[in-house]
Amino acid sequence: MTAREAQAELADEFAIFDNWMDRYQYIIDMGKQLPAFPESLKSDDTKIQGCQSNVWIHDRLEDGRLHFDATSDAAIVSGLIAVLLRIYNDRPPSEIQATPPDFLGELGLDKHLSPTRSNGLHAMLDRIYTVAKQAA
(Lines give C-alpha, C1' and ligand atoms only; values in the text may rest on other atoms or scores of the structure.)
Protein backbone atom coordinates (compact mmCIF):
# COMPACT_ATOMS: atom_id res chain seq x y z
CA MET A 1 0.00 0.00 0.00
CA THR A 2 1.31 3.45 -0.87
CA ALA A 3 1.15 6.50 1.37
CA ARG A 4 -1.63 7.96 -0.78
CA GLU A 5 -3.59 4.71 -0.49
CA ALA A 6 -3.07 4.78 3.28
CA GLN A 7 -4.54 8.30 3.36
CA ALA A 8 -7.57 7.15 1.35
CA GLU A 9 -8.08 4.13 3.60
CA LEU A 10 -7.92 6.31 6.70
CA ALA A 11 -10.46 8.74 5.21
CA ASP A 12 -12.81 5.81 4.54
CA GLU A 13 -12.46 4.67 8.15
CA PHE A 14 -13.20 8.15 9.49
CA ALA A 15 -16.26 8.45 7.25
CA ILE A 16 -17.91 5.69 9.30
CA PHE A 17 -18.18 7.99 12.31
CA ASP A 18 -21.08 10.44 12.49
CA ASN A 19 -19.58 12.87 14.98
CA TRP A 20 -16.27 14.22 16.15
CA MET A 21 -16.44 12.70 19.62
CA ASP A 22 -16.35 9.25 18.00
CA ARG A 23 -13.53 10.33 15.70
CA TYR A 24 -11.51 11.66 18.62
CA GLN A 25 -12.03 8.37 20.43
CA TYR A 26 -10.87 6.47 17.36
CA ILE A 27 -7.73 8.63 17.19
CA ILE A 28 -7.07 8.01 20.90
CA ASP A 29 -7.56 4.26 20.39
CA MET A 30 -5.06 4.33 17.52
CA GLY A 31 -2.55 6.01 19.84
CA LYS A 32 -2.96 3.28 22.44
CA GLN A 33 -1.72 0.78 19.86
CA LEU A 34 1.62 2.52 19.30
CA PRO A 35 4.60 0.30 20.08
CA ALA A 36 6.46 1.05 23.30
CA PHE A 37 8.99 3.85 22.92
CA PRO A 38 12.30 3.20 24.70
CA GLU A 39 13.14 5.72 27.41
CA SER A 40 16.68 5.79 26.03
CA LEU A 41 15.37 7.47 22.85
CA LYS A 42 13.76 10.35 24.75
CA SER A 43 16.32 13.09 24.24
CA ASP A 44 16.54 16.69 23.10
CA ASP A 45 17.43 15.42 19.62
CA THR A 46 14.22 13.40 19.29
CA LYS A 47 11.91 15.84 21.10
CA ILE A 48 9.65 17.86 18.84
CA GLN A 49 9.61 21.59 19.53
CA GLY A 50 6.34 23.41 18.95
CA CYS A 51 4.12 20.83 20.61
CA GLN A 52 2.17 21.62 23.75
CA SER A 53 2.59 18.00 24.86
CA ASN A 54 5.86 16.14 25.03
CA VAL A 55 6.49 14.38 21.72
CA TRP A 56 9.49 12.35 20.66
CA ILE A 57 10.17 11.02 17.16
CA HIS A 58 13.13 8.78 16.44
CA ASP A 59 14.00 7.93 12.85
CA ARG A 60 16.25 5.47 11.12
CA LEU A 61 16.86 4.52 7.52
CA GLU A 62 16.69 0.78 6.84
CA ASP A 63 16.87 -0.77 3.38
CA GLY A 64 16.03 2.52 1.72
CA ARG A 65 12.97 3.14 3.88
CA LEU A 66 12.51 5.54 6.78
CA HIS A 67 11.24 4.00 9.98
CA PHE A 68 9.83 6.23 12.69
CA ASP A 69 9.27 5.41 16.35
CA ALA A 70 7.30 8.02 18.24
CA THR A 71 5.39 8.69 21.44
CA SER A 72 3.68 11.42 23.40
CA ASP A 73 2.54 11.91 26.97
CA ALA A 74 -0.93 12.98 25.75
CA ALA A 75 -3.57 10.53 24.51
CA ILE A 76 -4.91 12.56 21.59
CA VAL A 77 -1.40 13.47 20.45
CA SER A 78 -0.38 9.81 20.58
CA GLY A 79 -3.31 9.17 18.28
CA LEU A 80 -2.18 11.89 15.89
CA ILE A 81 1.26 10.26 15.88
CA ALA A 82 -0.39 6.95 14.99
CA VAL A 83 -2.17 8.65 12.07
CA LEU A 84 1.12 10.09 10.81
CA LEU A 85 2.96 6.80 11.16
CA ARG A 86 0.24 4.96 9.32
CA ILE A 87 0.78 7.22 6.35
CA TYR A 88 4.53 7.90 6.43
CA ASN A 89 6.22 5.07 8.33
CA ASP A 90 8.42 2.57 6.50
CA ARG A 91 8.33 4.46 3.21
CA PRO A 92 11.15 5.54 0.93
CA PRO A 93 12.17 9.17 1.53
CA SER A 94 11.09 10.10 -2.00
CA GLU A 95 7.56 8.77 -1.39
CA ILE A 96 7.30 10.72 1.87
CA GLN A 97 8.38 13.90 0.11
CA ALA A 98 5.90 13.28 -2.71
CA THR A 99 2.95 12.72 -0.35
CA PRO A 100 1.43 15.96 0.91
CA PRO A 101 -0.71 15.73 4.05
CA ASP A 102 -4.02 15.73 2.18
CA PHE A 103 -5.53 13.71 5.02
CA LEU A 104 -5.68 16.86 7.19
CA GLY A 105 -8.54 18.16 5.07
CA GLU A 106 -10.02 14.78 4.21
CA LEU A 107 -10.31 13.76 7.86
CA GLY A 108 -11.32 17.24 8.98
CA LEU A 109 -8.35 17.54 11.31
CA ASP A 110 -7.55 20.97 9.94
CA LYS A 111 -10.91 22.24 11.28
CA HIS A 112 -11.37 20.21 14.46
CA LEU A 113 -8.02 20.41 16.24
CA SER A 114 -7.27 23.18 18.70
CA PRO A 115 -4.66 25.67 17.47
CA THR A 116 -2.01 24.24 19.81
CA ARG A 117 -2.65 20.66 18.67
CA SER A 118 -2.66 21.79 15.06
CA ASN A 119 0.70 23.51 15.59
CA GLY A 120 2.06 20.34 17.17
CA LEU A 121 0.78 18.20 14.30
CA HIS A 122 2.49 20.48 11.81
CA ALA A 123 5.71 20.38 13.86
CA MET A 124 5.62 16.57 13.69
CA LEU A 125 4.98 16.68 9.94
CA ASP A 126 7.85 19.14 9.51
CA ARG A 127 10.19 16.71 11.29
CA ILE A 128 9.07 13.81 9.08
CA TYR A 129 9.53 15.84 5.88
CA THR A 130 12.89 17.22 7.03
CA VAL A 131 14.19 13.72 7.80
CA ALA A 132 12.93 12.48 4.43
CA LYS A 133 14.63 15.35 2.61
CA GLN A 134 17.93 14.70 4.41
CA ALA A 135 17.73 10.98 3.69
CA ALA A 136 16.88 11.41 -0.01
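Glu39 is exposed, its relative accessibility being 59%, where exposed denotes over 50% relative accessible area, buried under 20%, and partly exposed the range in between (1.4 Å probe, protein chains only). The model is predicted, with local features requiring pLDDT of at least 70 and side-chain atom pairs pLDDT 80 or more, whereas totals for chains, interfaces and linings use all residues. Residues are numbered from 1 along each chain as its sequence is written, and side-chain values use heavy atoms, with hydrogens and water left out.

Glu39 takes part in a salt bridge with Lys42, for which the closest N and O atoms lie 3.0 Å apart; a salt bridge is defined as a side-chain nitrogen of Lys or Arg within 4 Å of a carboxyl oxygen of Asp or Glu. Lys42 is partly exposed at 31% relative accessibility. Six salt bridges are counted by this rule. Among the residues involved, Glu9, Glu13 and Arg86 are linked in a network.

Strand S1 (residues 55-62) runs antiparallel to S2, to which it is joined by eight bridges. Strands (E, at least two residues) and helices (H or I, at least four) are DSSP runs numbered from the N terminus, and two strands are taken to pair if DSSP finds at least two bridges between them. Val55 has Ser72 as its bridge partner in S2. The two strands form a hairpin with two residues between them, and Asp63 in the turn has a positive phi of about 50 degrees. Seven of the eight residues of S2 (residues 65-72) are buried, so this strand is largely enclosed by the rest of the structure.

Arg60 forms salt bridges with Glu62 (2.6 Å, N to O) and with Asp69, where the closest N and O atoms are also 2.6 Å apart. Arg60 is partly exposed at 30% relative accessibility, and Glu62 is partly exposed at 41%. Asp69 is buried, at 18%.

The largest pocket holds about 230 Å³ of space. Of its 14 lining residues, Gln33, Leu34, Pro35, Ala82 and Leu85 are the closest to its centre. A pocket is an open set of points on a 1 Å grid over the protein atoms alone where a 1.4 Å probe fits, with protein on both sides within 12 Å along at least five of seven lines; lining residues have an atom within 4 Å of a point. S2 and helix H3 (75-88) each supply at least two residues of the lining, and the largest share, four residues, comes from S2.

Conventions: Points joined across faces, edges and corners; volume = space filled by probe spheres on them.
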